[in-house]
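Please look over the structure shown here before reading the notes below. They are written for a reader who is new to protein models.

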Amino acid sequence: MEENILDCVIIGSGPAGFTAAIYAARADLKPELYTGLEPGGQLTTTTEVDNFPGYPNGVTGPEMMMDLQKQAERFDTKVLYEMITKAEFSKEAGGVHKLWAGNKEILTKTVIISTGATAKYLGLDDEKKYMGGGVSACATCDGFFYKGKDVVVVGAGDTAAEEATYLAKLVNKVTILVRKDYFRASKAMIHRVSNTPNIEVKFNHELIAIEGENSLVERAVVINNQTQETSKIDVHGIFIAIGHKPNTEIFQGQVDLDANGYINTIPGSSKTNLPGVFAVGDVQDSHYRQAITAAGSGCMGAMDAEKYLGELS
């Protein structure tokens, strides 16, 4: 019995994955897309998306993901609500890559990895309660909604400093909560924070709870971890800026990763160190992390996969 070897499998279902699927399907690669545990990716946890081109009145994250999925399916992408749990990549050009979804084995000539990155949170129950109602992990995505209001940023690294200085241009006041008595951010970012008049830094302070009505943030409850004194800050938005974790666990030891676990791609392409394996979206982009840049790289992944297959034949 002849084994069924696919031309293209896409792992992940955010803007990168679905855009890759649209392009791969239109190139007649008959892709199969495995959604993973979070169909639609991080955007499904976002209420309003106002910065994606083509939606003049904005759109909710889940609606946008459904639109992308329908477009991919229109060109006969096979969308499977399953999770790839194991991968064995070939190191040979023209080799067959093996993937598993549970006990099901999948054979494919190309793999487009679009598993994304997961924002790190503090682990407070209130973060989930107020998610989409004032709690966010992306200032460039959601900062616009807090124009003229007060917000809190939690974090001590470059991410927190960047989010705070970006928000400072939009909001009335930014309070940064830093758990220790120093920043971990670069000197340049610390300088930028200290030169922004509407940013206040509270060292040795931690967020311990969030309060509000109707699932909308109204106050941040913080503790001074030196004096154990608690206080409340009236705010409308709380931005958790303690970094992201790329979803690359099952690829470790095979695909080249950087020090933070992001997949290394050849600049100007989606190619990894392995022939026929491509990486797109936030799983290889620790810098921009936007839906539109993820979608663009998804297009690159599908075109790179199509070219790779064309060169084999």
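This is a predicted model: local features need pLDDT of at least 70, side-chain atom pairs count only at pLDDT 80 or more; totals for chains, interfaces and linings use all residues.

Residues are numbered from 1 along each chain as its sequence is written, and side-chain values use heavy atoms, with hydrogens and water left out. Helices (H or I, at least four residues) and strands (E, at least two) are DSSP runs, numbered from the N terminus.

**Nonpolar cores**

- A nonpolar core is a set of buried Ala, Val, Leu, Ile, Met, Phe, Trp, Tyr and Cys residues joined through side-chain atoms within 4.5 Å.
- Buried means under 20% relative accessible area, exposed means over 50%, and partly exposed lies in between (1.4 Å probe, protein chains only).
- The largest nonpolar core holds 28 residues, and Ile10, Phe18, Met64 and Ile112 have the most contacts inside it.
- Two or more residues of this core come from each of strand 1 (5-11), helix 1 (15-26), helix 2 (61-74) and helix 7 (291-312).
- Helix 7 contributes the most to this core, with 7 residues.

- Two packed helices are described by the angle between their axes and the distance between the axes.
- Axes are lines fitted to C-alpha atoms, for helices over the stretch in contact, and angles run from 0 to 180 degrees between N-to-C directions.
- Helix 1 and helix 7 pack at an angle of about 35°, and their axes are 7 Å apart.
- Their crossing is right-handed; a crossing is right-handed if the near helix is turned clockwise from the far one by less than a right angle, and left-handed if anticlockwise.
- On the helix 1 side, the residues that meet helix 7 are Pro15, Ala16, Thr19, Ala20, Tyr23 and Ala24.
- On the helix 7 side, they include Ala291, Gly298 and Met303.
- Contact means heavy atoms within 4.5 Å.
- The contact of helix 1 with helix 7 has 11 nonpolar, 3 polar and no charged residues.
- In these classes, Ala, Val, Leu, Ile, Met, Phe, Trp, Tyr, Cys and Pro count as nonpolar, Asp, Glu, Lys and Arg as charged, and the others, Gly among them, as polar.

**Helix 5 and its surroundings**

- Helix 5 (residues 158-168) and helix 6 (residues 187-194) pack at about 30°, with axes 9 Å apart.
- Helix 5 passes helix 6 in a left-handed crossing.
- Asp158, Ala161, Glu162 and Thr165 of helix 5 make the contact with Met189, Arg192 and Val193 of helix 6.
- The residues of this contact divide into 3 nonpolar, 1 polar and 3 charged.
- The buried residues in helix 5 are Ala160, Ala161, Glu163, Ala164, Thr165, Leu167 and Ala168.
- Among the elements that cover these buried residues are helix 4 (139-142), strand 11 (150-154), helix 6 and strand 17 (237-240).

**Single residues and polar contacts**

- A polar contact is a pair of N or O atoms within 3.5 Å; within protein, one must be able to donate a hydrogen and the other to accept it, and residues adjacent in sequence count only if both atoms are side-chain atoms.
- Lys173 is in strand 12 (residues 173-178), and it counts as partly exposed because its relative accessible area is 30%.
- The side chain of Lys173 makes a polar contact with the side chain of Glu200 at 2.6 Å.
- Ser13 lies in the loop between strand 1 and helix 1, and it counts as buried because its relative accessible area is 2%.
- A polar atom of the Ser13 side chain lies 3.1 Å from the backbone oxygen of Thr35.
- Ser269 sits in the loop between strand 18 (244-246) and strand 19 (277-279), and its 14% relative accessibility is why it counts as buried.
- The side chain of Ser269 reaches the backbone nitrogen of Lys271 at 3.1 Å.
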